[in-house]
Amino acid sequence: MLGGLLLAVELQAGEFDEYAVKAAYLYNFAKFVEWPAEAFADPTAALTICIAGDNPFGDALATLSGKMVESHAVMVRHIPAATGLDQCHIVFIGRAEQGRIKPLLAKLARLPILTVSDSSDFAQGGGMIGLIEAEQRIRFNINLAATRQANLKLSSQLLKLATIVE
């Protein structure tokens, strides 16, 4: 199922802007990650996707608000000052924040928060999922050690499509 969804996203990449595709990836990642129960206030609490610092998505993330991931409605928040990220389930850190990635990752370390970025070598540098562009497609690297430290479980379907880095 994920392969089909990601393939559809890739096929659309030429037709839509880069960040609309990346927004679709964020939503699809949410569907294939298992958070520990304590990550949510209750079984129907919102799943919060946060953008730390500059927001490169424009209106692309607006389409995600209200969509469902299991019993959780998706809520999207832009957090320019990058404080309060500990209330998020997914944190996207854009390329413009490259100089602040290490301190942000240090703040989020061991919290059940999926970190995603399109900054170069993000997964190799301790982030969880690094989006990379190759041959006009968006691919992703996953740092399994970082996801394990955060007590997040990734589906085998997601892992099959990724390049694993340690």
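Trainee: Is Asn-151 buried, exposed or partly exposed?
Mentor: Asn-151 is partly exposed, because its relative accessible area is 42%. Keep in mind that this is a predicted model.

Trainee: Where does Asn-151 sit?
Mentor: In the loop between α4 (144–149) and β9 (153–154).

Trainee: What is the phi of Asn-151?
Mentor: Near 65 degrees. That is a positive value, and Asn-151 is not a glycine.

Trainee: Which loop holds Glu-70?
Mentor: The loop between β3 (68–69) and β4.

Trainee: Is Glu-70 buried or exposed, and why?
Mentor: Exposed, because its relative accessible area is 72%, and the exposed class begins over 50%.

Trainee: Let's zoom out. How many helices and strands are there?
Mentor: Five helices and ten strands. The C-alpha trace spans about 40 × 35 × 30 Å along its principal axes.

Trainee: How does the radius of gyration fit a compact globule?
Mentor: It agrees. A compact globule with 166 residues would have a value near 15 Å, and the protein has 14 Å.

Trainee: What share of the residues counts as buried?
Mentor: 48% of the 166 residues. The exposed surface comes to about 8,100 Å². Carbon and sulfur atoms supply 52% of that surface.

Trainee: What about contacts between residues at least 6 apart in sequence?
Mentor: Of those, 58% join residues at least 24 apart.

Trainee: Switching to α3. Which of its residues are buried?
Mentor: Helix α3 covers residues 101–108, and its buried residues are Ile-101, Leu-104, Leu-105 and Leu-108.

Trainee: Why do they line one face of the helix?
Mentor: Look down the axis of α3: the buried residues fall within an arc of 100 degrees, so they line one face. The general rule is that an α-helix has 3.6 residues a turn, so residues three or four places apart point the same way.

Trainee: What happens just after α3?
Mentor: Arg-110 takes a positive phi of about 70 degrees.

Trainee: Now aromatics. How many aromatic pairs are there?
Mentor: The count is six. One of them is Phe-29 with Phe-140, which is edge-to-face. Their centres are 5.0 Å apart, with 75 degrees between the planes.

Trainee: Where do those two sit in the chain?
Mentor: Phe-29 is in helix α2 (residues 18–31) and Phe-140 is in strand β8 (residues 137–143). They are 111 residues apart, so this pair links distant parts of the chain.

Trainee: How are the rings of Trp-35 and Phe-40 arranged?
Mentor: Edge-to-face, because their planes are at 80 degrees, with the centres 6.3 Å apart. Trp-35 and Phe-40 are both buried.

Trainee: Which residues do ring pairs link into a cluster?
Mentor: Tyr-19, Phe-57 and Phe-92. Tyr-19 also has the charged end of Lys-22 over its ring, 4.7 Å from the centre.

Trainee: What sits over the ring of Tyr-27?
Mentor: The charged end of Lys-67, 4.9 Å from the ring centre.

Trainee: Back to Trp-35 and Phe-40. What about His-89, which residues does it contact?
Mentor: Beyond its neighbours within four places in sequence, His-89 contacts Trp-35 and Phe-40 along with Ala-39, Ala-46, Leu-47, Thr-48, Pro-112, Ile-113 and Leu-114.

Trainee: Is His-89 buried or exposed, and where is it?
Mentor: His-89 counts as buried because its relative accessibility is 5%. It is found in the loop between β4 (72–79) and β5 (90–93).

Trainee: Last one: Leu-61. Where does it lie?
Mentor: In the loop between β2 and β3. Leu-61 is buried, with a relative accessible area of 4%.

Trainee: What does Leu-61 touch?
Mentor: Ala-23, Leu-26, Ile-51 and Val-76, leaving out residues up to four places away in sequence.

How values were computed
Residues numbered from 1 in each chain as written. Predicted model: local features only at pLDDT ≥ 70, side-chain atom pairs only at ≥ 80, totals over all residues. Heavy atoms only, no water. Helix = DSSP H or I, 4+ residues; strand = E, 2+ residues; numbered from the N terminus. Buried < 20%, exposed > 50% of the residue type's maximum accessible area, 1.4 Å probe, protein only. Contact = heavy atoms within 4.5 Å. Phe/Tyr/Trp six-rings, centres within 6.5 Å; stacked < 30°, edge-to-face > 60°. Lys NZ or Arg CZ within 6 Å of the ring centre and 35° of its normal. Rg over C-alpha atoms; globule rule 2.2 N^0.38 Å. Areas by Shrake-Rupley, 256 points an atom, 1.4 Å probe, with all protein chains shown as cover. Arc of directions from axis to C-beta.
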